[in-house]
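This briefing concerns a single protein model and is arranged by topic. Please consult the sequence and structure shown below while reading.

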Amino acid sequence: MRKASLPSVFLLIAALTGYQSALPAKASEPTLEQTAELYYRARLNYDRASAARLNKELRPESEGRDYIDMTMFNDPIAWQIKRMASLTLKSDPSGRELKRLMARLIVESSRRVRCTAVGSRVSSEPADGRFHATVTLDCLVPDAVAELMQVKRSDEGADMNNPTPRTLKSVIDAYAKAPLTRRIATEMDLTAGLAKERWMPSQYRSGIDLVTGGLIGQIKESGLGR
């Protein structure tokens, strides 16, 4: 009997979804570019230290609350599974394993991404009492197409729109083996008060979806998904 299917991996990862360049003038106040890099390392690389620093610096801007949920770093895979809680596979006894493997794929593929800020532009005049800025980032992601094509050749019937545990494990391994050579350019918006002391990531455009989209797009490119 054919296993119950998960929603398309493209839609799932899209829905669920760098290193410091130069030292800031003040160690306690990251620059515009560093704030963007901290955000990307926290969200894509699951880097606890980056998230902790970002939270510390942004508390005055977020009414004392953590900007990034620190529980995600205790067990990133369990955190992703919780976000997928609305997906149920009650008729399939392997459903729990499929969810865990899907969460592993999301976490482990993006964990290897490396994003570096390569430029920025700041508005000349404040709007609504805040300055607006855009940071351009250059991201290196695993180029897994060749490895994914090998998965398709060796696993007859492999289909990431209706994956089996075997297929998911092979895809996870493919991203782990892939060289970090594919480049994706993206942009992130930030805002700051009149003093430009702290840059707050905008809730409207983080640019991370372009990076995760570049990762999952390789599955379609390899022929493993429609």
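Of the 226 residues of the protein, 49% count as buried, where buried means under 20% relative accessible area, exposed over 50% and partly exposed in between, for a 1.4 Å probe and protein chains only. The model is predicted: local features need pLDDT of at least 70, side-chain atom pairs count only at pLDDT 80 or more, and totals for chains, interfaces and linings use all residues. Residues are numbered from 1 along each chain as its sequence is written, and side-chain values use heavy atoms, with hydrogens and water left out.

**Overall architecture**

- The protein contains eight helices and four strands; helices (H or I, at least four residues) and strands (E, at least two) are DSSP runs, numbered from the N terminus.
- Read from the N terminus on, the order of elements is α-α-α-α-α-β-β-α-α-β-β-α.

- Helix H2 comprises 13 residues and spans 18 Å from its first C-alpha to its last, close to the 18 Å expected at 1.5 Å a residue; the expected span is 1.5 Å times one less than the number of residues.
- Because 11 of its 13 residues are buried, H2 is largely enclosed by the rest of the structure; among them are Gln34, Glu37 and Arg41.
- The axes of H2 (residues 32-44) and H8 (residues 208-221) come within 11 Å and cross at roughly 45 degrees. Axes are lines fitted to C-alpha atoms, for helices over the stretch in contact, and angles run from 0 to 180 degrees between N-to-C directions.
- H2 is therefore oblique to H8; angles under 35 degrees count as roughly parallel, over 145 as roughly antiparallel, 65 to 115 as roughly perpendicular and the rest as oblique.
- Tyr39, Tyr40, Arg43 and Leu44 of H2 meet Ile208, Val211 and Thr212 of H8, contact meaning heavy atoms within 4.5 Å.
- By class, the residues of this H2 contact with H8 are five nonpolar, one polar and one charged. Ala, Val, Leu, Ile, Met, Phe, Trp, Tyr, Cys and Pro count as nonpolar, Asp, Glu, Lys and Arg as charged, and the others, Gly among them, as polar.
- Just after H2, Tyr46 adopts a positive phi of about 55 degrees.

- Helix H5 has 17 residues and reaches 24 Å from its first C-alpha to its last, close to the 24 Å expected at 1.5 Å a residue.
- Buried residues of H5 include Leu98, Leu101, Met102 and Leu105.
- H4 (residues 76-83) and H5 (residues 95-111) pack at an angle of about 120 degrees, with their axes 8 Å apart; the two helices are therefore oblique to each other.
- Pro76, Ile77, Gln80 and Ile81 of H4 meet Lys99, Arg100, Ala103, Arg104, Ile106, Val107 and Arg111 of H5.
- This contact of H4 with H5 has six nonpolar, one polar and four charged residues.

**Individual residues**

- Asn55 lies in helix H3 (residues 48-58) and counts as buried at 2% relative accessibility.
- Leaving aside neighbours within four places in sequence, Asn55 is in contact with Asp66, Tyr67, Ile68 and Met70.
- Thr136 belongs to strand S2 (residues 131-141) and is partly exposed, with a relative accessible area of 24%.
- Thr136 and Gly119 are 17 residues apart along the chain, and their C-alpha atoms are separated by 5.2 Å.
- Not counting residues up to four places away in sequence, Thr136 touches Thr116, Ala117, Val118, Gly119, Arg121, Thr186 and Glu187.
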